Amino acid sequence: LDVFPLRPAHLLVVSREHAPLLQDLGAAAAERLFAVAQRMAGALRAEGYGVDGINLLLNDGPASNQHVPHLHLHLIPRRAGDLPALLWRSLTRFLPLGRKRLEGHFQHQAARLRHALAGDL
């Protein structure tokens, strides 16, 4: 799960192969990255996250808001009508507002996703 989530159950798929940029990622690793993203999207939907949609976001380089120089793919669950909350969270996500409450939600979300993935094995 992203430690600064834009929406509930916002998660990251991180390549094991080090690659700062998409162009640096080998073909096999890129294929695996998207295969894992597809599996995680299924787990998100199975647990009620992203039922209306999921944004796949890959920030490729510092100018694209990439904060960590290692390729990773964001899966951001969406609901119809959540754009105002998404925009607000994008502006405030690095502030400590409600951090304790947010951390409490992480354990619950992670448990739900583990449950969905266990049925997928």
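**View 1. Arginine 78 and aspartate 82, two buried residues joined by a salt bridge.** In this predicted model, arginine 78 is buried, and aspartate 82 is buried as well. The two residues form a salt bridge, in which the closest N and O atoms lie 2.8 Å apart. Through salt bridges that share partners, Arg7, Arg78 and Asp82 are joined into one network.

**View 2. Aspartate 82 and arginine 7, a salt bridge between distant parts of the chain.** Aspartate 82 also forms a salt bridge with arginine 7, and here the closest N and O atoms are 3.0 Å apart. Aspartate 82 sits in the loop between strand 3 (72-78) and helix 2 (83-92), whereas arginine 7 belongs to the segment before strand 1 (11-14), so that the pair, 75 residues apart, links distant parts of the chain. Both aspartate 82 and arginine 7 are buried.

View 3. The side chains of glutamate 47 and arginine 112 meet in a salt bridge, with a distance of 3.3 Å from N to O. Glutamate 47 lies in the loop between helix 1 (27-46) and strand 2 (53-57), while arginine 112 lies in helix 3 (residues 99-120), and the two are 65 residues apart. Glutamate 47 counts as buried because its relative accessible area is 14%, which is under 20%. Arginine 112, with a relative accessible area of 27%, is partly exposed.

**View 4. The setting of these close-ups within the protein chain.** The protein chain contains three helices and three strands, which follow the order β-α-β-β-α-α from the N terminus on. The structure holds four salt bridges, and buried residues make up 40% of the 121 residues in the protein chain.

Notes. Residues are numbered from 1 along each chain as its sequence is written. This is a predicted model: local features need pLDDT of at least 70, side-chain atom pairs count only at pLDDT 80 or more; totals for chains, interfaces and linings use all residues. Side-chain values use heavy atoms; hydrogens and water are left out. Helices (H or I, at least four residues) and strands (E, at least two) are DSSP runs, numbered from the N terminus. Buried means under 20% relative accessible area, exposed over 50%, partly exposed in between (1.4 Å probe, protein chains only).
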